[in-house]
Amino acid sequence: MPQTGKKEVIEAGKAILGIEFGSTRIKAVLIGEDHEPIASGSHEWENQLVDNIWTYSIEDIWTGLQDSYRKLKEEVKEKYNTEITTLAAIGFSAMMHGYMVFGADDEILVPFRTWRNSITGQAAEALTGLFDYNIPQRWSIAHLYQAILNGEEHVKDICFQTTLAGYIHWKLTGKKVLGVGEASGMFPIDIATGKFNPAMVDKFDALIADKNYPWKLTDIFPEVLPAGEDAGSLTEEGAKLLDPSGSLQPGIPLCPPEGGAGTGMVATNSVERRTGNVSAGTSVFSMVVLEKELDRVHPELDLVTTPSGDLVAMVHCNNCTSDLNAWVNIFQEFTEAIGAQADRNRLFETLYNKAMEGEANGGKLLSYNYISGENITGMEEGRPLFVRTPNSRFTLANFMRVNLYTALGALKIGMDILLKEEGVKVDKLLGHGGLFKTKGVGQQILADAMNTPISVMETAGEGGAWGIAVLAAYMRKKEQGESLGAYLRNKVFAGQKGSELAPDPEGVKGFDEFIQIYKEGLPIERAAVEQMK
């Protein structure tokens with residue numbers, strides 16, 4: 001679309017806004033009627049470890065939202081010499097799971113506990129047994145029950161529990177709702193109805209009946225909506241929260257808020273059965289849309305849904321690129337110390353490409369990238385480690401290759417259960433996220449790890465902010481009876497090209513050798529967690 005056409009779309013209020021709260025960046029993307037991005041803005045932020053809880057402050061949430069939107073407005077002004085006053089639709093997405101609870105005054109009762117915390121093991125195990133359904137430590141219901149088991153005083157005062165995406169949506173619209181994909185990370189969903197599973201709700205209420213709280217679960221949980229439903233509109237107060245300048249007008253419709261998993265499925269056109277995607281950034285997770293229920297409960301596999309409510313097996317790992325980034329920072333410090341100036345993007349590209357020169361098994365080096373705990377391998381805390389024997393081949397290429405391998409180590413363990421033990425079939429698997437920015441490197445290593453061809457879409461780099469904008473467009477533009485899968489296939493991704501890399505047999509063999517060393521070395525990581533305080 002030419003610049004003049006984009007300007008007209010913005011001025012006519014036909015553009016659509018998507019904003020996603022990722023773990024390290026809040027990104028706003030404006031799309032036109034053809035779903036192509038026409039402007040963006042972003043804000044960097046970081047979680048904080050406060051009293052052994054990974055959290056973000058409420059102030060940082062709103063500061064970050066307003067800053068990302070302000071930067072998007074500045075780009076619109078610079079590129080098109082116009083201002084945003086209204087929009088066709090808005091969508092919000094954020095990191096899933098965690099614990100946000102509010103009292104009668106609508107104020108948060110305890111600091112936001114993010115997905116990154118591994119502090120609910122007792123609750124998760126008890127609820128998995130009660131429901132005969134895997135309840136991961138990250139899930140909101142595990143956090144709630146752990147707070148109950150801990151005897152936390154605030155629990156009796158809860159009036160509303162939601163996720164980060166649900167919180168932002170509520171404050172901007174007044175509506176206490178969640179998209180079904182996001183809701184499936186709070187509590188199990190009944191696939192037949194697309195709502196919270198009523199039998200499990202009853203079991204939970206019975207479990208805590210002796211506490212005599214003044215609420216039952218459905219009293220404090222949000223309403224669940226599928227993709228395409230109207231989820232309210234921007235209030236006057238909400239417009240000022242998003243755009244304190246007062247330029248943005250209220251009344252704009254919003255789609256149901258979703259999580260990063262759901263928007264990742266949309267961004268990679270992976271919402272139909274036998275499709276899947278891998279999102280690799282601060283955390284890494286795979287999503288595979290299932291044809292049927294799994295044969296048995298696996299603690300390594302979460303069952304969530306697409307934004308339309310189809311069953312998805314999710315392998316979620318808390319750690320991916322954070323330790324890699326830390327090592328790159330060390331190399332950057334070195335280049336600066338010797339008076340060399342290396343562009344950060346070039347540094348990543350150079351080191352990632354160097355990894356492809358390494359031995360297929362990484363020279364028998366071993367690394368654990370556990371900045372935080374890792375549920376897949378049973379580590380409640382993280383201790384990043386690099387280990388080698390006197391006989392390991394310690395070269396830069398092997399070092400970088402192993403650090404890329406370990407970013408996918410826990411994921412490999414979970415995916416082997418899904419693909420090998422459960423025999424789940426996947427026709428295509430798409431990768432997106434920061435790990436794939438250096439062309440062909442992360443993509444090839446993932447293909448070797450999964451022993452499956454991996455595609456990367458041209459638009460996948462736009463990520464979840466673009467994905468939630470597309471979901472907002474679907475709400476506004478879908479035809480009667482048109483499924484989300486059909487809408488994406490025919491109207492968003494039609495004619496778009498991606499690149500596919502097949503697994504390299506030598507790389508597959510090498511990654512399998514590495515993962516064996518990785519599994520055998522887990523007691524080293526366990527000892528580090530116990531001994532290094």
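## Cavity, pocket and cores

The largest cavity has a volume of about 50 Å³. This is a predicted model, and the search turns up 1 cavity of 30 Å³ or more in it.

Now for a space that is open. The second largest pocket holds about 340 Å³. Its lining runs to 20 residues, and N134, P136, Q137, P299 and N375 are the ones nearest its centre. Helix 3 (residues 121-131) gives the largest share of that lining, with 4 residues. By class, the pocket lining splits into 7 nonpolar, 7 polar and 6 charged residues.

Here are the two spaces in table form:

| Space | Volume | Lining by class |
|---|---|---|
| Second largest pocket | about 340 Å³ | 7 nonpolar, 7 polar and 6 charged residues |

Is C255 buried or exposed? C255 counts as buried, because its relative accessibility is 1%, where the cut-off for buried is under 20%.

As for disulfides, the count comes to 0. C320 is a case in point: its nearest cysteine sulfur belongs to C317 and sits 8.3 Å away, so C320 is in no disulfide, given that a disulfide needs the two sulfur atoms within 2.5 Å. C320 has a relative accessible area of 2%, so C320 is buried too.

On to the nonpolar packing. Which residues touch the most other members of the largest nonpolar core? They are I141, L144, F187, F204 and L411, in a core of 130 residues. Helix 16 (residues 463-477) supplies the largest share of this core, 10 residues. Another core lies apart from it, with 43 residues, including L17, F21, Y56 and L172.

Leaving out residues up to four places away in sequence, what does F187 touch? Its contacts are F131, W139, I141, F196, N197, M200, V201, L217 and F221. One of these partners, I141, is also among the residues that touch the most other members of the largest nonpolar core. Another partner, F131, falls within the residue range of helix 3 (residues 121-131), the helix behind the largest share of the second largest pocket's lining.

Technical notes. Residues are numbered from 1 along each chain as its sequence is written. This is a predicted model: local features need pLDDT of at least 70, side-chain atom pairs count only at pLDDT 80 or more; totals for chains, interfaces and linings use all residues. Side-chain values use heavy atoms; hydrogens and water are left out. Buried means under 20% relative accessible area, exposed over 50%, partly exposed in between (1.4 Å probe, protein chains only). A nonpolar core is a set of buried Ala, Val, Leu, Ile, Met, Phe, Trp, Tyr and Cys residues joined through side-chain atoms within 4.5 Å. Helices (H or I, at least four residues) and strands (E, at least two) are DSSP runs, numbered from the N terminus. Contact means heavy atoms within 4.5 Å. On a 1 Å grid over the protein atoms alone, a cavity is a set of points where a 1.4 Å probe fits but cannot get out, and a pocket is an open set with protein on both sides within 12 Å along at least five of seven lines; lining residues have an atom within 4 Å of a point. Grid points are joined across faces, edges and corners, and a volume is the space filled by probe spheres set on the points. Ala, Val, Leu, Ile, Met, Phe, Trp, Tyr, Cys and Pro count as nonpolar, Asp, Glu, Lys and Arg as charged, and the others, Gly among them, as polar.
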